[in-house]
Amino acid sequence: MTSEVVNAPRRQSRRGASFRDAGPPVALIVVFLVFAALSPQFRSLDNVANIVDAAAVLAVVTCGITFVLMMGSIDLSAAGVMGASALTVSLLVANNRNDNDFGLLGIAVAVLLGCAFGCLSGLALVLLKVPSFMATLGMSAVGLGVATLMFAGVQPNISDTMVKGLAIERFLGLSYLTWIAAGCVLVGWLVQRYTRLGRYAFAIGGAEEVLALSGVKVKPYKVAVFTLAGAFYGLAGVMVTSQLGAGLVQAGDGYDFSAITAAVVGGTLLTGGRGGIGHSAVGVLLVMVLTNGLVQVGVSPYWQGGVEGLIVVAAVAAAVIPQRRRNQVVK
Amino acid sequence: MSTAVAMKPVHRLTGFMPLIALVALVAALTVADPDFLTQRSLIAVARTAAPLIVLAAGATLVVLCGGIDLSIAALASLSTVFLALWLPELGGLATPAVILVAAAIGAAQGAAHVLLRIPSFIVTLGGMAILSAVALVISGAGTVRVVDDSTIHWLDLYLAGYVPMSAAMAVLVVALIAVVLTVTPLRSWIAATGYSESAARLAGTPVDLVKIGAFCVSGGCAGLAAVMLVSRQFSGGPTMADNLLLPAVAAIVVGGTAITGGHGSVWRSFAGALVVTLLRVGLPIVGVPSAYEQILYGAIIVVAVALTLDRAKVSTVK
């Protein structure tokens, strides 16, 4: 994969893509300026750092889901996988339930568990041909069940200073978790840009039949993408555990939908083949600025989910309307 | 029921799957606990199953059209809040009002799906988030108690002394939907939409209206399920019915309705809902921790969808 190959199609589609690509960043700036004008608390430097810190977990989840969306699939399993990984890590590092103290190894196991869940979703998709939203809905339930089993009625509070410190200690004004999230975005961008997995994820979303006809074995790449996404959810579960100081079954509540919102509002199409990690990162910031800003100007935080729901429907509708004459069948 | 053109062996098998599962479950539970086949526990099962049957029956119509309604549980939760808030003022009119409003919300989602050409699972996923938010805001994120439940108390009574009224209502709703589908052209319109939407459109089927109608019935059923829940628990809550989504989806696919559309019926979902309820009630009887319930739902959904899928139709699965 040389860079010329990658650049060629970009140049051709620049005129059409430029407006679409510029939209989300412009929206981010506009929304930020509007809230800054409305609320003095919002424009304080502390609050900006707050927004970025609060975006950390969502950014990691969105990294994972973006690859799945690029393929044209969808992933609803984040909540379940994060719950299972949160319980796993909290039981493996120093905690009040058992004598384990595996530290980093515990985190690695939790991430691997996320991989395993992602891999299972991918296998259900390619081997059993179960549509991804059903496969991942089922996998989310399995994850929550596994988490409930491990929870066993007693909340595991972690005492591991390293895991707890990730959320508390700061570097350059931002928590370690934020830097981890930034690292994830960078890794995701590198995977998307320079590896076969990333390029094929795009191609599968754009034209799966063509890719298969040109001799690419599509199935292993699909499973690999879901596995990669699972790894990101696993890490996100660890990050939530670090924030809460305890392993909770509900660690991932709402993150699946927020991540879809962030990816879609950043310009990743649900039909696949367009968007990417860069878009999603902007989308995450946009969602976080919006939720933080709405609370700052006095809107009830309960509306958050409703605002996200409206954004998703509106963004998807806006993306589909130009082609509505072409695709007659929508299920 | 479904068109009998060249039924594949796998379909013939899945046709009996819910009944086989139902009989096997009842037999297994009777062996595990001889007290299971008593009047008391059967009545308890029927009462637990009633809201699930209604939810699943409504959503089955959407699945038959080839779509999915993920908002039913959130809509039912919102409806419990509406009912609890409106009962003091509207009294007996609150029940039909809630069902009508729920049906209208369902129809609105269907219209968004059809007019904006957004995939149904995205519309209803967004709808789920919006409806949950509305429920949280209007209830103040707390339980709304029902003080005077005289107007919905009838659902808690027993028909002929034994049959719970809610279960009887659930059977009535399923029968009503089934009869309306059979005596009108609706059944073939829905099946045509599900089997091949483009062909149905070319043949002059009002595909858009059929889909909106399916979502409307699905919403109305969610409203009725909410009335049943409130009559049993004397309160409404913004997350009261949320945990019914997975069982309802599981009931539909276990019944053998293919999520690719066309193949299936509301009676299958009725049987599926009974299977799911028996699993739920039965797990503690055989000594399995209830945490396995979730894992079971997840596995059931994936396996049942895989078994009932119309493989001829899906070349690329997303």
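Predicted model: local features only at pLDDT ≥ 70, side-chain atom pairs only at ≥ 80, totals over all residues.
**A walk through a two-chain model**

Let us start with chain B, which has twelve helices and four strands.

How does the radius of gyration of chain B agree with that of a compact globule? For 318 residues, such a globule would have a value near 20 Å, and chain B, with 19 Å, agrees with this. If you follow its C-alpha trace along the principal axes, chain B spans about 55 × 50 × 35 Å. Of its 318 residues, 55% are buried. The contacts tell us how the chain folds back on itself: taking those between residues at least 6 apart in sequence, 79% join residues at least 24 apart.

Now turn to chain A, where you will find 13 helices and two strands. Its radius of gyration is 20 Å, close to the 20 Å given by the globule rule for 331 residues, so chain A is as compact as a globular protein of that length. Its C-alpha trace spans about 60 × 55 × 40 Å along the principal axes. Buried residues account for 53% of the 331 residues in chain A. Among the contacts of chain A between residues at least 6 apart in sequence, 79% join residues at least 24 apart.

How confident is the predictor about chain A? The mean pLDDT of this chain is 86, with 91% of its residues at 70 or more. Residues 1-16 of chain A are a stretch to read with care, as the pLDDT there is below 50. Beyond near neighbours in sequence, this stretch has four contacts in the model.

With both chains in view, we can look at where they meet. The contact takes 45 residues from chain A and 43 residues from chain B. On the side of chain A that touches chain B, the elements giving two or more residues are helix 5 (104-126), helix 6 (132-151), helix 9 (196-213) and helix 13 (304-320) of chain A. Which of them gives the largest share? That is helix 6 of chain A, with 14 residues. Sorted by class, this side of chain A has 27 nonpolar, twelve polar and six charged residues.

Next, let us look inside. The largest nonpolar core has 224 residues, and the members that touch the most others are Val60(A), Leu55(B) and Ala248(B). Helix 9 (residues 207-233) of chain B gives the most to this core, contributing 16 residues. Setting aside neighbours within four places in sequence, Ala248(B) is in contact with Leu52(B), Leu55(B), Ala56(B), Ala59(B), Ile72(B) and Ala73(B). One of these partners, Leu55(B), is itself among the core members with the most touching neighbours.

Finally, two backbone details deserve a look. Most residues other than glycine have a negative phi. Ala152(A), however, has a positive phi of about 50°. This residue sits in the loop between helix 6 and helix 7 (161-168) of chain A.

Phe234(B) lies in the loop between helix 9 and strand 4 (235-236) of chain B. With 15 other C-beta atoms within 10 Å, Phe234(B) is partly exposed.

How values were computed
Residues numbered from 1 in each chain as written. Chains lettered and ligands numbered in written order. Core = buried A, V, L, I, M, F, W, Y, C linked by C-beta atoms within 7 Å. Buried ≥ 20, exposed ≤ 12 C-beta atoms within 10 Å, placed from the backbone. Contact = placed C-beta atoms within 7 Å. Nonpolar A, V, L, I, M, F, W, Y, C, P; charged D, E, K, R; others polar. Rg over C-alpha atoms; globule rule 2.2 N^0.38 Å. pLDDT = per-residue confidence, 0-100.
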